[in-house]
Amino acid sequence: MPKSKSGDKKKKRESSGGSVKSNSKAKENGTSSAPREGSAPPKQTSNSKEKKAEKSKKKEKIQSEDVQKSQSQSSSSPKSTKPGGSSNKGKSGLESESSSVKEVMDAMDELKPLFDDPWSKSYALVQEDGSDLRARELLADTQYSFQIPIRLIELFSKDEAELLDEMKQLKSLLPPLSDLVRDAVRRHEDIIASYSVSKTTLKAHKGPFFKRSTVKGDPSLEFVPVNLHLQRLVADAPAADRSVIHDVITVGAFTAFSQKFRDGGLLQMVERLAAGGRTALDGDKASAMYQAEGVVQAIEEARSRILEACVGLLEAEKADDSAAIPALVKIITAESSRVDVALHSPVVADTHQQLASSSATGAAPHLGCLPVPPLAGRLVSLPAAAAAPADWRSAAAAVSAAAAGLCAAEGAALAAAVPQLRAGCDAALAAARLARATTRLREQRRTQLLRDAARHRRDICFSHAVTAASVGLLTRLWCRPADPAFMEQLASVGPLLQFEGLLSYYGHEAGMVQDMVVAVQDLEGVEFILEPAAAPKGPGVPEVRLEGGRGRLQVYLPTPKALLAGKRAGKQIRFHPRPVFFNVGINEQATFSEYVGGTGPQRAFNEDSFRQLADYVNLCSEQGVLPKPPSSGDESCPDVGDLIIQLGQTIRSGRPKEVKILQLASQICRAVSGIRFCSCKSAKDRTSMSVTLEQVNILSRELQLASAERPRALALMRTDGARRRNAEKNVGSPRFSFNTLQLLTMPSEYRAPPGTYGAVES
């Protein structure tokens, strides 16, 4: 807030809910400056005009508290904690002012309709030239933490049911293969039952819209990301007419806490399955399974594109749109060729031959016995499929012949040719699935168990990543000023999703890093689709629709209609994100990791992410969608290209605990309008140190925060700000879970102030 005279300051401090004395006492006790819910406001004194205003404010505050109290007592609504706190002006010379009731309501309006339980804290700071600098932190729960995982569990269960159906088609095999089939069927049924329990638990959940860090190991909540929140900084310099807004999605590591780390993290598990020669596994069988999975995925993707193009072709023919037909014919020809190549993979011929020789009747099951994925969305307008071919060779020939016939057909013949091509695609997918099922059956039992464990673990981590990514994108679409340039960026190159990790590559946290690496990479395969939606007028949030499944997920994001108006009206914006993950350990375990030489893999992850980030910046530049840098006053912002060079040099230096990697990556992300995510194990302690440092860096770089104010502003945010509120929401105490040894081993700018940390449940 702007500076005011001493008398006005006193009145403002009194009206904001506390006094200097009470706040100082709270600090001594190590508690947050925000009063507990239900605390009574202090008595106030003012002249007659001010009395009326204060009376009105008090009435509004009481009404707000009554609403929040009723919400907290409702079994169907999460607990809502009112923001607030007392003013504080101490040795730091900075004044921290809590939000008034009106500001709290404004914050709620800004974050509607996606968030709940907003908490706000304001600070009066000073620029280098002595002018006022006002900053405010906002912390809020997303209402999607449970909604999106529920839908993902449904899709994962459907995929698991398809694997179960594949195995059931082999029930006629003779012993000992029939015994292996029964064992595989039981394992799939157990996984489906487990997922069903998780879904039921999430649907029945009553309480906060976030998963507390204290229950991160609860198997019934394993698909829900830990401590997912929006951390927002809003700041302005009135004298210079400049302002900034910065969002970070804070979330616990995308990892399967409930599954432990006996087999390491996902990356290690996947590598063991994909390259058996480096392990005790049977290399040939592991390699065959890897090929079989690739064949199924390739045919699934090709089938989807072929059927989508068929719909477009029928519509273009009906509308007499001759300009669109050649491009669609080209897609059908190319994807049909891809199906033919995939079906002629040696793994398909070999496994079908093995299946025929091992069956009770001497012949493989008919390809039509396996169900294929139902058509979704606009594909339902396709004509029904014709009879499927009997074996994989005839399926491959049928796809090629039907594609050639379709591309040459016109008029009524075109509609008649579509069912033939669809039948060929369905048969090709059925052949690939039989090959996959037979290959799985021939694996060693320990390999089968590892594959099932890796699939379950990957589903969990993927659920965390998709939920967080969706929330980040929705926040940008609904809770920020309209930005046409960002919409063009989405449509042309996709958004940058920059994930920051503060995990040490040591012990269990090494497994967490491996889980996150795979989960973030898996986001590349997700297709996001924007569809118009209106803000809900009642409880609830705009629905996020999900279709597809593992490896072919489509996420339909509800988008304000105004953003899809104008030249984008009637056009669907579809994109794949560009995720990158930079990780630097900062605690005592990172020191141990350096001592035993375990930082090599982490450096490799960072180097790979650096190359992807540099490619993205180059692509933005080529497409002409590189955003203009935010205003920085008299100082010019570093060029994005220069920042990329600095980041590459910093990564290659190999210096231990080089947090400059994280800071440069976050600066580049902001410069290209990327979406930021910050994680440690539970997004509560190390994450808090990082996001508060980032906020102060932005104030210094873009709004000229006075250099003398910088360390004190950082201490204020960590002492009285949103992150202590986050800690209290998770563990019931406004303390960061650090001990003295940990702080001594952390970089100086990442250390919590005295009185803000201690031994608490993490």
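In the predicted model described here, Arg670 and Glu702 come together through their side chains in a salt bridge, 2.7 Å from N to O (a salt bridge being a side-chain nitrogen of Lys or Arg within 4 Å of a carboxyl oxygen of Asp or Glu). Because Arg670 belongs to helix H19 (residues 660-671) and Glu702 to helix H20 (residues 686-703), this pair ties together parts that are 32 residues apart in sequence. Helices here are DSSP runs (H or I, at least four residues), numbered from the N terminus. Arg670 counts as buried at 18% relative accessibility, and Glu702 is buried too, with a relative accessible area of 2%. For these labels, buried means under 20% relative accessible area, exposed over 50%, and partly exposed in between (1.4 Å probe, protein chains only).

Residues are numbered from 1 along each chain as its sequence is written, and side-chain values use heavy atoms, with hydrogens and water left out. As this is a predicted model, local features need pLDDT of at least 70 and side-chain atom pairs count only at pLDDT 80 or more, while totals for chains, interfaces and linings use all residues.

Across the whole structure, the search finds 46 salt bridges. One of them pairs Arg455 with Glu160, whose closest N and O atoms are 2.8 Å apart. Arg455 sits in helix H13 (residues 445-478) and Glu160 in helix H5 (residues 147-168), so this contact ties together parts that are 295 residues apart in sequence. Both partners are shielded: Arg455 is buried at 13% relative accessible area, and Glu160 is buried at 0%.

Helix H13 also supplies Arg458, which links to Asp522 in helix H15 (residues 508-522), 64 residues apart. The side chains of Arg458 and Asp522 form a salt bridge at 2.8 Å, N to O. Arg458 is partly exposed, with 33% relative accessibility.

Salt bridges with shared partners also build one network, joining Glu160, Asp183, Arg186, Arg187, Asp190, Arg445, Asp452, Arg455, Asp459 and Arg550.

Turning to the cysteines, the count of disulfides (pairs of cysteine sulfur atoms within 2.5 Å) comes to zero. Cys310 is in no disulfide, its nearest cysteine sulfur being that of Cys425, 7.3 Å away. Cys310 is buried, with a relative accessible area of 1%. For Cys407, the closest cysteine sulfur is in Cys310, at 8.5 Å, which is too far for a bond. Cys407 is partly exposed, at 27% relative accessible area.

Methods:
Helices (H or I, at least four residues) and strands (E, at least two) are DSSP runs, numbered from the N terminus.
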